[in-house]
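Welcome, and thanks for opening the viewer. Let's walk through the model together, one selection at a time.

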Amino acid sequence: MDVTLPMTDGTTVTLRPSKIIALGLNYLEHIRESGSVNVQNFTDEVPEEPVLFAKTPNVLIGPGETIILPALIERYHFDEPRTDYEGELALIIRDRIRNVSEEEALDHILGFTCFNDVSQRNFQRSDKSGWFRGKSLDTFGPIGPVIVGPGEIGDPQNLRIRTRLNGRLVQEASTSQMIFPIPAIIAFVSANFTLEPGDIISTGTPSGVGPLTDGDVVEVEIENIGILRNPVRAEKS
Ligand code: MG
C-alpha cells in the first residue's frame, strides 16, 4: 500500500520500498522477555550478528490508518491469539548501496521515522517457514508521521522511544541501547543485499511488547520525530 510522508525539508516521499528489512533481538531487555513472546528461534541468547527478517511492502500504512487483525486468525481457534505492537526506529535508504563500511553508512540515509513492527505471534510460533507470515500480514507496518533528515534528527543513537497503548506507556527506551548500532546494521545488511533508494530498515524493538485488540489505539513516539498513532480493528469474519 502506498504511503506518502512529509519530509522535514518540505518535500514529500512516497514509500515504495523494494524491501523492508527488520531486526530481531536488538535490545537486551527485549531478549530477556523472550519467554513471554515465545516464538521460534527467539531465545535469551544475545546474537553475535544482526538477526534479520523481511516484511513485505503490503504491510505499510500511514499515520491514522487502521491496523486490521484479519478474520483469518479466528479460524485457527488459538487458545491465546496474540498480535503484538513493536515500537521501532526505522530509517529510509537514500542511495543504491552494497557493501558499505560502518564509517560510510550514515551518509546513505534519506531520513528517520517511527515504525510499528506488528507481529502475529501464533503464526510466528507455528508456521514451519518461521516468521514470514506473522510479520507480513496487510497493515502490519504502520510508518510515519514524518521523515526526519539526518541533519535534523540529532544523534540517532540517542533518542527516547516510547510506545503507548490507549494512552498507557508500555515501552520506553533509548536508541542508545541497541545491541547493533545503526552503522553496523547498514554495513551488515548491505553486505548481504543491495539496498535501493526507498528501502526501509527497522532497527528492532525494546522491551514491553504486548497484544493489540479491537478498538485499541497504539502510538509510537520517538524524540525529534513525533508520534505515529494508529487505531486497531478486528476484521469481521
Ligand atoms: Mg520488531
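Start with I68, whose bridge partner in β17 is R233. Now widen the selection to β6 and β17 (residues 226-234): three bridges join these parallel strands. Strands here are DSSP E runs of at least two residues and helices are H or I runs of at least four, numbered from the N terminus; two strands pair if DSSP finds at least two bridges between them.

This is a predicted model, where local features need pLDDT of at least 70, side-chain atom pairs count only at pLDDT 80 or more, and totals for chains, interfaces and linings use all residues. Residues are numbered from 1 along each chain as its sequence is written, and side-chain values use heavy atoms, leaving out hydrogens and water.

Next, show the whole open sheet: five strands in the order β6-β17-β16-β12-β13, with mixed pairing. At its edges, β6 (67-69) and β13 (168-174) each pair on one side only.

Now turn to the aromatic rings; the whole structure holds four aromatic pairs (Phe, Tyr or six-membered Trp rings with centres within 6.5 Å; planes under 30 degrees apart are stacked, over 60 edge-to-face, the rest tilted). Select F53 and W131: their centres are 5.2 Å apart and their planes at 70°, so the pair is edge-to-face. F53 is buried, at 10% relative accessible area (buried is under 20%, exposed over 50%, partly exposed in between, with a 1.4 Å probe and protein chains only). W131 is buried too, at 15%.

Finish at F123, which forms one aromatic cluster with Y76 and F78. F123 is buried, with a relative accessible area of 0%, while F78 is partly exposed at 22%.
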